[in-house]
Amino acid sequence: MPTDVTDRDCVDALTTLVELEAATAATKMRLMVRLEQERKAARRAAGVRERKIGEGIAAEIGLAIKQSPHKAAQLLSVARRLTMDLPRTFDALQAGVLTEPRAETIARETAILDPGDAAIADHNLCADQAALIGKGDKEIDRVAKAEVYRLDPRAVVDHNEKRLTDRRVWTKPLPGALVQLSAQLPLKDGIAAYATLLRDAKSAATQGDERTQGQIMADLMSARLSGGDSAATIPVAVEVVVPVAALVDGADTAADIGGRTVPAETARRVIADALDDAADVSLRRLFADAETGSLVAMESRARCFPDGLRRFLTRRDAGVCRTPYCGAPVRHADHTVPHHAGGPTDADNGAGRCARCNQAKEADGWTATVVRGGRRERHRIEIVTPTGHAHNSTAPPICA
């Protein structure tokens, strides 16, 4: 950067870059839709069954844009809506008036409308680009929701009812020895649960509890969900992957517990707690190569991966799908070279994959091979998409 850049230059450049990001996002959407259209047309011409013509396209796009297949499928769906059904919104994105997330918000909110009403919403929300200037994420979300409800209240009510089926619970690892437990609940249930925890935490604080309000709420939720005074009293099965040196010599080497990297001291404490007579914990220890973090190989003659080998593949691949950028949990133990093509059922040819990626690799034009390395090298696969682009997938070090 030139040394004589002024404050005004910096602000102008930042504005230009944000507008360029939006224009780039619009171009990216056009390319994704074009790729899908071309690929589907070619497959139809080749006589591929209609239900299979779209296989692998989202996964291929995901590799190209360095996103998971799930995220790529979502982006492709948004791209279709913006380029085909919401031309005013797309124009505002291309002009840099709307950011990509704000254009996605309009696409998402108007998706429940029929084509006629969607066209009206598109015009009312984005035909006047000057009116969009100054509106942030929350304001765009609010006006889009209001416009959709004005056009078709019944569709909004029906959509909200259907969303109740999306209730779920999931976890997300956090820095340190923490995990985030999240729940997607019906509105009244979620508010009631939070209000109850807040009320009881405030009550405990007034009685002299020295923990912070957040700590009390977290401990109350943990105790109530686990059914005991503490989550530590609940029977669990713990799988610990740890280098021998960390367990025996006290070395300060990272270990792995349930797919989460933790300090060696934390792993040793978990093991010690599991060996306590008062704890109802079963422990499975796996030992990793001290230098590479790789696990040792296993083999089976069966076509389907037996439970032991399946567990090994899941642990070797850190519980995450081997497709680059995917990040989804492993659901299938998969043959890299298909069994029908002579691929063996062993750790070398096996890989952990999510259901979507396991299906995508069977699409026309996809190939995958195991890259043979030295005995101490981590497992590596080369994935080649229908366009000939190659992507490497290396198993992560379990302990590093």
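Predicted model: local features only at pLDDT ≥ 70, side-chain atom pairs only at ≥ 80, totals over all residues.

Biologist: How many helices and strands does the protein have?

Modeller: Helices (H or I, at least four residues) and strands (E, at least two) are DSSP runs, numbered from the N terminus. Counted that way, the secondary structure comes to 14 helices and 11 strands.

Biologist: What share of the residues is buried?

Modeller: Buried means under 20% relative accessible area, exposed means over 50%, and partly exposed is in between, using a 1.4 Å probe and protein chains only. Among the 400 residues of the protein, the buried share is 34%.

Biologist: Is R39 buried or exposed?

Modeller: R39 sits in helix α1, residues 7-45. A contact means heavy atoms within 4.5 Å, and leaving out residues up to four places away in sequence, R39 touches I57, E60, P386 and T387. Its relative accessible area is 14%, so R39 is buried.

Biologist: Which residues does N124 touch, not counting residues up to four places away in sequence?

Modeller: N124 is found in helix α6, and with 42% relative accessibility it counts as partly exposed. N124 and A144 are 20 residues apart in sequence, and their C-alpha atoms are 9.6 Å apart in space. With residues up to four places away in sequence not counted, N124 touches E147 and R150.

Biologist: What is the relative accessible area of D209?

Modeller: D209 lies in the loop between α9 (187-206) and α10 (213-226). Apart from residues up to four places away in sequence, D209 touches A204 and I216. D209 is partly exposed because its relative accessible area is 25%.

Biologist: What is the phi of K66, which is not a glycine?

Modeller: K66 lies in the loop between α2 and α3. K66 is exposed, as its relative accessible area is 53%. Although K66 is not a glycine, its phi is positive, at about 60°.

Biologist: Where does A318 lie?

Modeller: A318 also is not a glycine, and it has a positive phi of about 60°. As for its place, A318 lies in the loop between α13 (307-316) and β7 (332-335).

Biologist: Over the ring of which residue does the charged end of R168 sit?

Modeller: A charge sits over a ring if NZ of Lys or CZ of Arg is within 6 Å of the ring centre and within 35 degrees of the ring normal. The charged end of R168 is 4.1 Å from the centre of the ring it sits over, and that ring belongs to W170.

Biologist: What is the volume of the largest cavity?

Modeller: On a 1 Å grid over the protein atoms alone, a cavity is a set of points where a 1.4 Å probe fits but cannot get out, a pocket is an open set with protein on both sides within 12 Å along at least five of seven lines, and lining residues have an atom within 4 Å of a point. Grid points are joined across faces, edges and corners, and a volume is the space filled by probe spheres set on the points. The structure holds 1 cavity of 30 Å³ or more. For the largest cavity, the volume is about 60 Å³.

Biologist: Which helices each supply at least two residues of the lining of the largest cavity?

Modeller: The residues that line the largest cavity include A59, L63, C357 and A360. At least two lining residues each come from α2 (57-65) and α14 (355-360).

Biologist: Which element gives the most to the lining of the second largest pocket?

Modeller: About 1,100 Å³ of space lies in the second largest pocket. The elements that give two or more residues to its lining are α3, α5, α7 and α8 (153-163). Of the 28 lining residues, R108, E109, H159, R163 and D166 lie nearest the centre of the pocket. With 7 residues, the element that gives the most to this lining is α3.

How values were computed
Residues numbered from 1 in each chain as written. Heavy atoms only, no water.
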